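Subject: Structure handover

Hello,

Here is the structure I promised to pass on. Please open it first, then read the notes below.

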Amino acid sequence: MADGPTINTIAARAGVSIASVSRVLNGLPTRQETVRKVMAAADELGYVRNAVARSLKSRRTHQVAFAMADVGNPAYLAMLREIQPVLKAAGYRLVLHSTDAVAADEIDVLRSLGERYVDGLIMSPLRVTDAHLETLAAARAPVVIIGQVPDGTPVDNVRADSRTGVRLAIDHLHALGRRRVAMVNGPLDTVPGAARGAGYREALEAVGLPYDEDLVQIADFYRPEGRRAVAELLARRPDVDALMCANDLIALGALDVLRDAGRRVPEDVAVAGMDDTDLAAASWPSLTSVSLGSAERGRVAAELLLERLNGGEREPRRVTVPPRLVVRASTAGEGHCGEGHSGDGHSGEGHGTEGHGTEGSGA
């Protein structure tokens, strides 16, 4: 593919001096006729107007994109709060994309890297398909995936270990005497859903509890979906004494339903979530949750991308952030709030590599 337009090619097309093009692109006072000629030439040559003149000289926009499934999800906001200052300190602006977990939109974002509107991309998809992998391999700018990609994918990625995280929560619930522990999971065609479901099975086996399909309910990673799923589960199995929820939003929906049903938390039903978002500490009762290190994953992803942008030539890196259980009132009762337990040292490299999905998206 030919290189994009430069300040020289715009000047030649417009029939003006290079200095005049520079003045127009930098917003300096210039005759209106010159502005018209330069901008018309830029349009004809396919120059993206929001790129400043220095991008034509250095082929850098000093912009980085962050693409996530849902900009309203507090797990992604935790990532954003760490990504932004790291990039800003290095002189980069941040462009946000909320893809609604639509694969075609995510692939569009990857392909648009060829238009050079950003210098690099951080992406946290819920699913990674063969089309994602093909587009990643052909990406025209550095990409870091927050999640998980198959070995051999030529990008850096920062991973969570949600299977170990679920085991931490189930161990905690079992130690509290809970024996009918239900799982309210996300979609199983996402690796967060598949990995957390597998972690649930493994954890039950480890503590000697039987797996019962009747205690599993599938939702999506949103609070209204959590309400729906938990209402259906309790109608079917009113004897449930604990709920393991695949993220905090589902868990908050569970608290809504239990409150409306007059079921006490945690006396009647203990509730645990995942992600340890700001909402977990602010809920009533406060929510026990597995931290998957959303903020740390965002910070590490930004640092890895900066290494690439600064010319770092190395093999793709795989960084795993271990989970940590934060115990609060929804399982341990009022007056208890602790940092709980850290993960058991599993790297995540051998967990949750199912298919081409991405684990730990924070969804």
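In which sense do β9 and β10 pair, and over how many bridges? They pair in the parallel sense, over three bridges. Two strands count as paired if DSSP finds at least two bridges between them. Strands of a sheet pair through backbone hydrogen bonds, either parallel or antiparallel.

A word on the source. This is a predicted model: local features need pLDDT of at least 70, side-chain atom pairs count only at pLDDT 80 or more, and totals for chains, interfaces and linings use all residues. Residues are numbered from 1 along each chain as its sequence is written, and side-chain values use heavy atoms, with hydrogens and water left out.

**Overview**

The protein chain has 14 helices and 12 strands. Both are DSSP runs, numbered from the N terminus: helices are H or I with at least four residues, strands are E with at least two. Of the 363 residues in the chain, 55% are buried. Buried means under 20% relative accessible area, exposed means over 50%, and partly exposed lies in between (1.4 Å probe, protein chains only). The chain exposes about 15,000 Å², and carbon and sulfur atoms supply 51% of that. Accessible areas come from the Shrake-Rupley method with a 1.4 Å probe; for residues, only the protein chains shown count as cover. Take the contacts between residues at least 6 apart in sequence: 71% of them join residues at least 24 apart. Contact means heavy atoms within 4.5 Å.

**The mixed sheet**

Six strands form an open sheet in the order β7-β6-β8-β9-β10-β12, with mixed pairing. The edge strands are β7 (216–218) and β12 (324–326), and each pairs on one side only. From one strand to the next, the twist averages 20°. Angles run from 0 to 180 degrees between N-to-C directions; axes are lines fitted to C-alpha atoms, for helices over the stretch in contact.

Look at β10 (residues 288–291). Three bridges join β10 to β12, and these two run antiparallel. V290 has L325 in β12 as its bridge partner, and S291 has R324.

Helix α9 (residues 191–207) lies across β6 (181–185), β7 and β9 (270–274). Its direction is at about 170° to β6.

**The parallel sheet**

Another six strands form an open sheet in the order β2-β1-β3-β4-β5-β11, and here the pairing is parallel. β2 (93–98) and β11 (318–321) stand at the edges with a single partner strand each, so one side of each has no neighbour in the sheet. Neighbouring strands are turned by 15° against each other on average, direction ignored. Four bridges join β5 (residues 156–160) to β11 in parallel. Helix α13 (residues 294–309) lies across β1 (63–68), β3 (120–124), β4 (143–146), β5 and β11, running at about 170° to β5.

**Salt bridges**

Side chains of opposite charge can pair when their charged atoms come close. The rule used here: a side-chain nitrogen of Lys or Arg within 4 Å of a carboxyl oxygen of Asp or Glu. By this rule there are 26 salt bridges.

R180 pairs with D241, the closest N and O atoms being 3.9 Å apart. R180 lies in the loop between α8 (162–175) and β6, and D241 in the loop between α10 (223–236) and β8 (242–245), so the pair ties together parts that are 61 residues apart in sequence. R180 counts as partly exposed at 34% relative accessibility. D241 is buried at 10%.

R237 and D212 form a salt bridge too, with closest N and O atoms 2.8 Å apart. R237 sits in the loop between α10 and β8, D212 in the loop between α9 and β7. R237 is buried at 14%, whereas D212 is partly exposed at 27%. Both pairs belong to a network of salt bridges that links R180, D212, D214, R236, R237, D239 and D241.

D276 forms a salt bridge with R328, the closest N and O atoms being 2.8 Å apart. R328 is buried, with a relative accessible area of 8%.

Best wishes
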